[in-house]
Amino acid sequence: MQNFMQDIRKDFPALSQQINEKSLIYFDNAATTHKPKQVIDALTTYYEKFNANPHRGAHYLSIKSTEIYEDARETVRKFIHAKSSKEIIFTKNATESLNILAFSYAMNLVEEGDEIVVSILEHHSNLLPWQQVAKLKGATLKFLYLNKDGGIKDTEIESKITKKTKLVSITHMSNALGNINPIEKITTYAHQYGAKVILDGAQSVPHMTIDVGKLGIDFMVFSGHKMLAPMGIGVLYGKEALLKEMKPFLFGGNMIEYVYEDYASFAELPFKLEAGTQNVEGALGLMTAINYINEIGMEKIQAIEADLTSYALEKLTNLDEVVLYGSKNSKDRGAVISFNIKDVHPHDTASILDSYGVAVRAGHHCAQPLMRYLEIPATTRASFSFYNTKEEIDFFVESLKKVRRWLGYGS
Amino acid sequence: MDLNSIYSELILEHSQNSHNYRRIDAPTLSHKGHNPSCGDEITLQLKLESEIIKDAAFSGVGCAISKASTSILIDLITDKTKQEALNLVDTFIGMIKREVTNEEELEILEDALAFQNISNLPARVKCAVLAWHTLKKSLE
Ligand SMILES: Cc1ncc(COP(=O)(O)O)c(C=O)c1O
Ligand SMILES: [Zn+2]
């Protein structure tokens, strides 16, 4: 294990930096992860050797670029266990994927009086598009609320998802609290009424094995940058039959079949939903990141992250000045810990930790309705990746103990 | 970065037990300032008599820096004219942006000079200027 961790950390150049003359401890992985040199090198190689516009030329470089782009699609397909590579649409990020679903799918599905169900845990990216659809269509947005642990109660699922429900869009894992939602139960329930289920996998795809078929979901979105890949590449997964029904979101080059002066016919899936020159570099980065994850093995990653999380939870539980949010049971959560220090605003906590080289996030985590629901203005969030260590957690906890003193409290 | 210069005694005192953290009955102006990045939400209340700020107070939630900055601002503008208060705001924001550096010009900021180093902590600049922007908006 010792050697394994040393090798892993060597792959991430950003992790060995000094910040404020302190060794960086990066606990903001739920916001974005660092990139292994395999990914960074792949991008350099791409521009040194292959760069060309895919799908557009008969020359060698264009063929190479097309191959890379389509290999990446196939790699993503396998990673999430989709049936066909036609079900994998490359986008900019989870947010763009959700907007495509809102405007090209939901706008043609939802009618006046229908209901769209989300949870109170949603990231703004999985809330604002549905607010728009509800407003434009005269539909109602309904929320699944939480029990004390941050989990969604069965009774919420059973009472909020009804025959009026057309769409359920829900996060797999909360970026603010770390809770993992009961997706299979939600899909089974929603499908009874013929409602479609969209899964926001932004926080789960990087950290657990995903089988879209087993989960039973109709669509899923995620971002590459939270899973070792570059920023600017994301994925929209959808069941082939549903994507086929969808109208294009953007119109222009690449997504066409024949174009006449006054009309055009569109290309097949997946190209119909990918207009304009695509982010080949990003797709390659994502493929390289997935290969890197697969090489370590998702089970191993999950075990390391679960171990780090329960280790940190135990240490934090023992500190009187720390208030923890979310489930106490590390089995129900991913590698995200939201907390506050008594009498201290999270923004001050984060600044003080930063002065010790510890990077955490403070704020509402793009989930203002959740913060309002929990009646807290903000939290401090530490989120781990498999490349973090228990020594880092020890240092973080020691630094936390100093926070109250900086603010003039005795202990 | 030196935390001592940021979390100084003066700033801690103003952030924890500020005599300005209260509500005014029947304020002339009441304006909410919001810092979405960290969730500071501060309401600034003013009582004006002809052009003079006779009383000021704040309420809400915020980090130590935004609360201290608000409290120090209130001490500074009480009994000043609107014009004087606006001038103080411009000088303060000028100081933070390092556009006003002349010490004589900055002298009028008194205790608010404690925030001179906040630009070393870019993530917190918004906290320090929140109340000042809010005051400017409510007076204009
Ligand atoms: C649960 C969840 N959904 C959606 C997003 C949005 O991701 P992006 O900004 O990459 O589109 C995030 C990112 O923080 C997230 O955590
Ligand atoms: Zn603040």
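Trainee: Which of the 13 residues around ligand 1 come nearest?
Mentor: This is a predicted model, in which local features need pLDDT of at least 70, side-chain atom pairs count only at pLDDT 80 or more, and totals for chains, interfaces and linings use all residues, while side-chain values use heavy atoms, with hydrogens and water left out. Residues are numbered from 1 along each chain as its sequence is written, and chains are lettered from A and ligands numbered from 1 in the order in which they are written. A residue counts as near if one of its heavy atoms lies within 4 Å. Of the 13 residues around ligand 1, those that come nearest are A:Thr95, A:Asp200, A:Gln203, A:Ser223 and A:Lys226.

Trainee: How far is a polar side-chain atom of A:His225 from an oxygen atom of ligand 1?
Mentor: The side chain of A:Thr95 has an N or O atom 2.5 Å from an oxygen atom of ligand 1. For A:His123, the distance from a polar side-chain atom to a ligand 1 oxygen is 3.2 Å. For A:His225, the distance to an oxygen atom of ligand 1 is 2.7 Å.

Trainee: What share of the area that ligand 1 exposes when taken alone does the protein bury?
Mentor: Accessible areas come from the Shrake-Rupley method with a 1.4 Å probe. Ligand 1 by itself exposes 400 Å², and the share buried by the protein is 88%.

Trainee: Which residues of chain A lose the most area to chain B?
Mentor: The two chains bury about 1,500 Å² between them, 59% of it on carbon and sulfur atoms; this is the accessible area (1.4 Å probe) lost on being put together, summed over both. Three residues together make up 37% of what the side of chain A buries, and these are A:His345, A:His347 and A:Trp406.

Trainee: Which residue of chain B forms a salt bridge with A:Asp348?
Mentor: A salt bridge here is a side-chain nitrogen of Lys or Arg within 4 Å of a carboxyl oxygen of Asp or Glu. There is one salt bridge between chain A and chain B. The closest N and O atoms are 2.8 Å apart, and the partner of A:Asp348 is B:Arg124.

Trainee: Where does the salt bridge of A:Asp7 with A:Lys10 lie?
Mentor: The closest N and O atoms of A:Asp7 and A:Lys10 are 3.8 Å apart. The two residues are three apart, about one turn of the helix, and both lie in helix H1 of chain A.

Trainee: Where is A:Pro270 placed?
Mentor: A:Pro270 is joined to A:Leu269 by a cis peptide bond, with omega about -5 degrees. The place of A:Pro270 is the loop between strand E12 (264–266) and helix H10 (280–296) of chain A.

How values were computed. A polar contact is a pair of N or O atoms within 3.5 Å; within protein, one must be able to donate a hydrogen and the other to accept it, and residues adjacent in sequence count only if both atoms are side-chain atoms. Helices (H or I, at least four residues) and strands (E, at least two) are DSSP runs, numbered from the N terminus.
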